[in-house]
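Hi,

Here is the structure I promised to pass on.

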Amino acid sequence: MSESLGTTGLVLNEPLLWERGKKGRCGFSMPAGDVPSSPLPAELTGDGPDFPDLSEIEVVRHYTRLSTWNFGVDTGLYPLGSCTMKYNPKINEKLAGLRGFAAAHPLLPSVLSQGALQLVFDLERFLAEITGLDAVTLQPAAGAQGELTGMLIIHAYHRLRGKQRTKILIPDTAHGTNPASAALCGYLPVPVPSGPDGILLPETVVGLMDSETAGIMITNPNTLGLFEANIREIARIVHDRGGLVYGDGANMNAVLGVVKPGAVGVDILHLNLHKTFSTPHGGGGPGAGPVAVRKDLVRFLPVPRVVERNGAYELSEGFPESVGRVMAFHGHFGVLLRAHAYILSMGPDGLKQVSRLAVLNANYIREKLKDVLHPAFDRPCMHECVFSDQNQQETGITTLEMAKRLIDYGYHPPTIYFPLVVHGAIMIEPTETETKEDLDGFIEAFRSVVREAGENPGVIREAPVRCKLRRVDETAAARNPCLTG
Amino acid sequence: MKKIEEIQLPEELRYSPDHEWVRPEGDLARVGLTDYAQDQLGDIVYVELPAVGIHIAQGAVFATVESVKSVSECFMPLAGEIAAVNGPLSDDPVLLNQSPYGDGWMVMVKPDDPAAVSQLLTAEAYLARLKGGV
Amino acid sequence: MRYLPHTDGDIAAMLGTVGLKELDDLFAAVPGDCRFKGALQLPEAMSEWALEELVGRLAGRMAVSPEYSVFLGAGSYDHYIPATVSSLLGRSEFVTSYTPYQPEMLQGTLQGIYEYQTLAARLMGMEVATASHYDGATALAEALLMAVRITGRKKVALSRAIHPHYRQVVRTYFAPTGYELLELPYLETGLTDLDRIREIQDLAAVAVQSPNFFGCIENLPAAAQRAHSGGALLVSGFTEALAFGLLKSPGSQGADIVAGEGQSLGIPRSFGGPALGMLASRKRHMRSLPGRLVGKTKDRDGKRGFVLTLATREQHIRREKATSNICSNNSLCALAAAMYMASIGGTGIRELASLNHDKAEYLKNALRDAGCPIRFSGPTFNEFVVRFPGGFDAAYRHLLEKRIVAGLSLGGYYPELADHGLLCVTETCSREAMDRLVEEVTA
């Protein structure tokens, strides 16, 4: 293996927090009391939580060591399909730390929070322009909550029209959040099979869309990395039968400046700021899931909303048909301001170039691997490419095992076993921020893994061997759950 | 995973197309998952069983079986009232993998129509379906 | 653009590989009538320095200490954040990683979240805590949906002394479900009127918040007893996690599910988010919990390790039958809270919570002595409701001119509390600042 690939590593051990420390230590600079003590009645007070007492250096070493067991985008290529692990700009982190924002209370009067309100107002306008829709709420905390907000809007829309509907159409390639979000609103998800080319066919939708169906949820580009080319026709069918079209904008990073969902029939769309707009994933969150809607659905957006009057911004609750509040305050403002900074850093041309290069990188990988991995569909992809495990069937090596072996080469594995409609799916999304050299390294590594699957399967079954841990026992964890120490 | 020939299918049991087996015991019937089903599911980590006393229709879900990354529903092979459940299975789901026809049984049911058992598949017919890839 | 590494040569070579001439040929699958052919109407790209100046200007239009004295709490609290927490949390191995679906290469996040779950469970006095939720309000909504699932009942009683925004979020989540929400009034003490529970049949849950929105400490054992005697679960909420450094934990007083906001534990207010939804339950309800969980296990060599577990509850496996649609956790915020709890320690959190309580009592007493009635008689933590002579809103406006934000006006939330305000004091508030507030109010 070349010196530029894989790991050689110094991995230090580190115990659990409560296996360290001594009673009486403290890693916190305790402020001096400047008022008299005023004890509470004894029946209300407890002994305090059983936390370990640690010194500052112990805390610092603990988390520094833990961090070295982690792999982030800053560490290396992270081609997780559907997750868009692009570079997270440092300037955005710096701006989020500005005291005026970081220390701002969410209930400050409008006159004392003009900066944050303007930022929210501007970002809403930017996202409306990008999506081709009329208004945006930034309150939803994540893509899944954006979906829930969208479903609540659909629910409110049908209720106001006098007849609630019971079902919603969801393609078989959808993320699991789609049916789960619809179910929270009492809608029965009706699966829509995709056609032989991996995209939805209008005739399938015609057969399923009836007067009991509230609408359709479409991810476009879909989770196979393909553009739903029949979107306009499908939207027309759904609209003609009184339904609404919900766009899952999880993959909007493929079509910035190329497609405006609002112009192709989408009525409601959520965006994942932690994907398309470069905010960090943080090991699982926090994200943000703004929702954009067309004009006649604006009245249903969550409150409070930022409104402008004579150059000043204020929060308004004056939307009686709103679905209500979905978060205690204004959503994940700290995430919003990073996305705002990203859009301003990129500008309109930069954003369009993002999508072009994301699609270029994905197709480049697809082309360079298609002789060793079986492409799920024999056609170019958008921002991610999907392979099945068909070519590996004979070796007996599974998708999971190949993924684990990639770790030894120093790469985060792609998304595996999703979408469900592709057997042993391998879903690769390199994103636009990766260099050609890094893509070539990843391609070389993957080809090497495929070779090993045929020639030396033992080494794959043992992988990974260069991490903090060998393969972990997920079955034991689930059979006898131990969730606290 | 086992090859079809390696699947154990006791002759004296009856089978459903949904991979449950039934063994008549007096006026009750014991129900469990077939060796084929447990093998397909892989390491089973959790089994959720119904409450004793409730009535379950034929073809309705009476239990769920979980592996690390999947949830499978089990469908009642014959209508009736749940007379008993295999309590130890909840604490030790590995029994279902180790002994699908023995300690890994799932429920005892009091069938509405004891004769309905005879309408289920024989071991031979079930095996034929497995070979047919159904 | 510096985030896009491709040279013209790279692009030409890669287009050659995929057999295309121009970048726009990559979008051949997008039909012409779906293409946007214009230019996005967005500001032109800014340099790093121009952007910093612009955003810096916006940040400068916010009222924060030390220029302002801010006596606002109501679900978002000003506590000191140790430099260690900010510094360690900024490590990009934590910041730029994804959900740990490949546990071997994300043991840092996994052990960190397992430690968070443990410390969070100890803080709330519960057996199991999740890997976190969006915020306290959504955690409460999820907790109540969980209680509906567990009990099979469809009615929930919410104390009117729960944060009004939290109740609004619960209403939003419940609106399409057909489940019924009832409200329990509050008494002259500022505590929830628990007697009303007896009058309601078939409740899935009784939800209270302690300390409640008015800062008053609820009688949780009585609430638990009333809830349980009718077969309902007690869901105990909170907005000020630091309170449990001093108060008895909700778990030790009979709560079945605990849900609240952990922003106080080392997370900046950041205009309200991201913060930290905390959710905990008894072990017997573990499989009904929404959201992610990290569990302990071993690797092939028998070494201790951690992994996401019980995933069959979640949407990516169970889809429409999942316990929730949630697909993320506020992981980085949970990690911040764990770092904070580790830094302050068991001894420290009690000392800090006591100091918070002492300071709030100081201001409460000083205002009362100065002729401002304290509305509720019940004991409080960090926050209290006060009436200013001459009306709260007039005094509030006057104080704004003096660069004092005198809490939150309550009339909009509780018409019967017009003229009243909710004030908050934490360890960051000096005695001088409090004295100045009292002086200005009585001036």
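**The second largest pocket**

The second largest pocket holds about 1000 Å³ of space. A pocket here is an open set of points on a 1 Å grid over the protein atoms alone, where a 1.4 Å probe fits, with protein on both sides within 12 Å along at least five of seven lines; the volume is the space filled by probe spheres set on the points. Its lining (residues with an atom within 4 Å of a point) has 41 residues, and the closest to the centre are A:Ala96, A:Gly97, A:Ala102, C:Leu89 and C:Pro268. H2(A) gives the most to this lining, with 4 residues. By class, 18 lining residues are nonpolar, 16 polar and 7 charged, with Gly counted as polar.

This is a predicted model, in which local features need pLDDT of at least 70, side-chain atom pairs count only at pLDDT 80 or more, and totals for chains, interfaces and linings use all residues. Residues are numbered from 1 along each chain as its sequence is written, chains are lettered from A and ligands numbered from 1 in the order written, and side-chain values use heavy atoms, without hydrogens and water.

**The two domains of chain A**

Chain A is assigned domain 1 (92-345) and domain 2 (347-475), with bounds from an automatic or database assignment. Domain 1 of chain A brings 28 residues to the contact and domain 2 of chain A brings 22 (heavy atoms within 4.5 Å). The two bury about 1900 Å² between them, 63% of it on carbon and sulfur atoms (accessible area lost on being put together, 1.4 Å probe, summed over both).

Best wishes

Terms used. Helix = DSSP H or I, 4+ residues; strand = E, 2+ residues; numbered from the N terminus.
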